[in-house]
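Please read the following report with the sequence and the coordinates at hand. It moves from the overall fold to single residues and their surroundings.

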Amino acid sequence: MWFSNIRKRISVFLMLVCSVHGFARSHSVGRVHTEHRTLSETKFGTMGKHGHPETALNSHNAAFWAVGHVAAGTLGTPLVARATSSWYQRIQKPTWTPPNKVFAPVWTTLYASMGIAASRVFQQVGLRTFPMLFWCLHMVLNVVWAPVFFGLQRFRLALWINIGLIGSLAGIIPIFYKVNPTAGLFLLPYFMWLVYATKLNQAICKLNPTNKGYNDAMLQADIAKLQKKAAIYAGC
């Protein structure tokens, strides 16, 4: 189950990389014709602030960062797949909860766009700078959310993480925009999805209240584990 989700993410990601690479290539060719670059500039590209060739390697750098972000996003996929096929189906959720099949393509697209945004800022300011360190901290929170929500069924803690994600991203977007306007714009879809995901997390908290550290999701997860053990025992 989780392997098929990863395969779907890879397929969506490859299409995104091809689109980004094609755009970067056509953009660089157009600049060569309009600005009459020399042969050496056309072959190697101009050098950026930190020594990165801006035309020849921009698309490759963006693809590298996109791959890294998509890979980071897949770390929690086994937990998500296991939960959505067991206890997550049994707990109460709001009527506007999206179907499970929506999450993989949406998050793959968002992670790829996040990686592209980060790559554009990295090329201009480098890694050991406030914008990139702030972004790395944000990504740590992002990766931690799935294990907390789907792995531990700690809905309230996951909600606070989501609030932290929204707050930090609200600060990151103008910082990225100041460095590279396109990078800031690339984060807007992610921001909108985070707001939606936070409202969904909040609604699930209300529908499945935690009492003395225990909630219905934990109960359903425990039942699923016992059923699995019982099936194994019966098979023996």
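Helices (H or I, at least four residues) and strands (E, at least two) are taken here as DSSP runs, numbered from the N terminus. On that basis the protein has eleven helices and zero strands, and its elements, read from the N terminus on, run α-α-α-α-α-α-α-α-α-α-α.

This is a predicted model, in which local features need a pLDDT of at least 70 and side-chain atom pairs count only at pLDDT 80 or more, whereas totals for chains, interfaces and linings use all residues. Residues are numbered from 1 along each chain as its sequence is written, and side-chain values use heavy atoms, with hydrogens and water left out.

**Confidence and overall figures**

The pLDDT is the predictor's confidence in each residue, on a scale from 0 to 100; its mean over the protein is 83, and 75% of the residues reach 70 or more. Over residues 20–48 the pLDDT is below 50, although this stretch has 30 contacts in the model beyond near neighbours in sequence, a contact being heavy atoms within 4.5 Å. Where pLDDT is low, the predicted coordinates should not be read in detail.

Of the contacts in the protein with a separation of 6 or more, 76% are between residues 24 or more positions apart. The protein exposes about 13,400 Å², of which carbon and sulfur atoms supply 68%; such accessible areas come from the Shrake-Rupley method with a 1.4 Å probe, and for residues only the protein chains shown count as cover. Of the 236 residues, 42% count as buried, where buried means under 20% relative accessible area, exposed means over 50%, and partly exposed lies in between (1.4 Å probe, protein chains only).

**Two buried histidines**

H69 is found in helix α3 (residues 58–73) and counts as buried because its relative accessible area is 7%. Which side chain does H69 join through a polar contact? The partner is W135, at 3.0 Å, where a polar contact is a pair of N or O atoms within 3.5 Å, of which, within protein, one must be able to donate a hydrogen and the other to accept it, and residues adjacent in sequence count only if both atoms are side-chain atoms. Leaving aside neighbours within four places in sequence, H69 is in contact with Y111, M114, G115, A118, W135 and M139.

H138 has its place in helix α7 (residues 130–151) and is likewise classed as buried, because its relative accessibility is 1%. Not counting residues up to four places away in sequence, H138 touches L165, S168, L169, I172, Y190 and L194.

Q153 lies in the loop between α7 and α8, and K212 in the loop between α10 and α11. Q153 has a positive phi of about 55 degrees although it is not a glycine, and for K212, also not a glycine, phi is again positive at about 55 degrees. Their accessibility is set out below with that of two further residues.

| Residue | Relative accessible area | Class |
|---|---|---|
| Q153 | 9% | buried |
| K212 | 83% | exposed |
| G213 | 32% | partly exposed |
| M218 | 9% | buried |

G213 belongs to the loop between α10 (188–207) and α11 (216–235). Residues up to four places away in sequence aside, G213 touches R154 and M218.

M218, in helix α11, touches L152, Q153, R154 and G213 under the rule that leaves out residues up to four places away in sequence. M218 and W87 are 131 residues apart in sequence, yet 8.0 Å apart in space, C-alpha to C-alpha.

**A nonpolar surface patch**

Y177, L185, L188 and M192 make a nonpolar surface patch of about 420 Å². Patches are made of residues with over 30% relative accessible area and no salt bridge, with like charges joined within 9 Å and nonpolar side chains (Val, Leu, Ile, Met, Phe, Trp, Tyr) within 5 Å; a salt bridge is a side-chain nitrogen of Lys or Arg within 4 Å of a carboxyl oxygen of Asp or Glu.

Y177 is found in helix α8 (residues 155–179) and is partly exposed, with a relative accessible area of 44%. M192, in helix α10, counts as exposed because its relative accessible area is 57%. M192 and I166 are 26 residues apart in sequence and 9.3 Å apart in space, C-alpha to C-alpha.
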